[in-house]
Amino acid sequence: QASRALAMATDVVEVLEDAIAMDEIQSAAEAFMTSKLSLFEGIDMDTALESQEQQLEWHAAYREYVSLMEERVLAACAEAPNVTKEEILAQLTSLVETGDEGAEDRKHARFLLSMFEYSSFLSMMKELRRQSLSSGPKADAPAGTAVRGYGS
């Protein structure tokens with residue numbers, strides 16, 4: 001029973017990885033972050049994020065980002081045969097709670113899910129801000145700014 005659950009969780013991790021890597025998901029993330037970039041004008045490029053005063057607008061943008069990404073990623077995952085949003089969430093929860101048997105898959109799932117963490121969002125926004133400053137005031141988000149690399 002445990003090996004069947006582990007195999008299902010591995011499949012869910014693969015489905016999640018494929019969904020995050022989809023061009024539509026990447027484009028949506030990049031468009032969202034570019035649209036919110038002006039909120040991050042006050043971010044200090046030389047100071048660690050943990051040391052900076054957090055703006056309420058930053059957290060509001062983060063909550064919008066998570067909602068958008070959860071909706072899009074889970075919808076994309078649910079397009080896979082025999083996979084529902086509920087099953088994805090249940091399998092990810094099960095994977096996190098398993099013992100040593102699923103250590104690699106658990107580590108990979110945590111990496112994929114880190115895109116939903118506030119600190120990761122702030123890091124992405126800080127990098128996007130840095131890139132926009134170095135390429136001019138009207139620069140669009142460079143390809144790969146958002147969550148590229150999660151599925152590559």
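**Entry 1: Val-12 and Gln-91**

I started with Val-12, which touches Ile-88, Gln-91 and Leu-92 when residues up to four places away in sequence are not counted; a contact here means heavy atoms within 4.5 Å. The model is predicted, with local features taken at pLDDT of at least 70, side-chain atom pairs only at pLDDT 80 or more, and totals for chains, interfaces and linings from all residues. Residues are numbered from 1 along each chain as its sequence is written, and side-chain values use heavy atoms, with hydrogens and water left out.

I located Val-12 in helix 1, residues 2-21. For the assignment, helices (H or I, at least four residues) and strands (E, at least two) are DSSP runs, numbered from the N terminus. Is Val-12 buried or exposed? Val-12 counts as buried because its relative accessibility is 4%. The cut-offs are under 20% relative accessible area for buried, over 50% for exposed and partly exposed in between, with a 1.4 Å probe and protein chains only.

I then checked a C-alpha distance from Val-12: Ala-80 is 68 residues apart from it along the chain, and the two atoms are separated by 9.6 Å. Of the residues that Val-12 touches, I followed up Gln-91. Gln-91 sits in helix 4, residues 85-97. With 12% relative accessibility, Gln-91 is classed as buried.

**Entry 2: the chain as a whole**

I noted six helices and zero strands. In sequence order the pattern reads α-α-α-α-α-α. The chain has 152 residues, and 39% of them count as buried. For contacts with a separation of 6 or more, I recorded that 75% come from residues 24 or more positions apart.

**Entry 3: helix 6**

Helix 6 covers residues 118-135, which is 18 residues. From first to last C-alpha it reaches 26 Å, close to the 26 Å expected at 1.5 Å a residue; the expected span is 1.5 Å times one less than the number of residues.

I listed its buried residues: Ser-120, Phe-121, Leu-122, Met-124, Met-125, Lys-126, Leu-128, Arg-129 and Ser-132. Which helices do the buried residues of helix 6 pack against? They pack against helix 2 (23-36) and helix 3 (56-78).

I also looked up Ser-120 by itself, since it lies in helix 6 and is buried at a relative accessible area of 16%. Leaving aside residues up to four places away in sequence, Ser-120 touches Ser-114 and Met-115.

Helix 2 has 14 residues and spans 20 Å from its first C-alpha to its last, close to the 20 Å expected at 1.5 Å a residue. Its buried residues are Ile-25, Gln-26, Ala-28, Ala-29, Glu-30, Phe-32, Met-33 and Lys-36.

What is the packing angle of helix 2 and helix 6? I read about 70°, with the axes 10 Å apart. That makes helix 2 roughly perpendicular to helix 6. Axes are lines fitted to C-alpha atoms, for helices over the stretch in contact, and angles run from 0 to 180 degrees between N-to-C directions. Angles under 35 degrees count as roughly parallel, over 145 as roughly antiparallel, 65 to 115 as roughly perpendicular and the rest as oblique.

On the helix 2 side I found Phe-32, Met-33, Thr-34 and Lys-36, meeting Phe-121, Met-124, Met-125 and Leu-128 of helix 6. By class this contact has six nonpolar, one polar and one charged residues. Ala, Val, Leu, Ile, Met, Phe, Trp, Tyr, Cys and Pro count as nonpolar, Asp, Glu, Lys and Arg as charged, and the others, Gly among them, as polar.

I checked Lys-36 separately. It is found in helix 2 and counts as buried at 18% relative accessibility. Residues up to four places away aside, Lys-36 touches Ala-61, Glu-64 and Met-125. The C-alpha atoms of Lys-36 and Met-125 are separated by 8.7 Å, at 89 residues apart along the chain.

**Entry 4: helix 3 against helix 6**

For helix 3 and helix 6 I noted an angle of about 105° and axes 10 Å apart. The two are therefore roughly perpendicular to each other. Helix 3 contributes Trp-58, His-59, Ala-61, Tyr-62 and Tyr-65 to the contact, and helix 6 contributes Tyr-118, Phe-121, Leu-122 and Met-124. I recorded the classes of this helix 3 and helix 6 contact as eight nonpolar, one polar and no charged residues.
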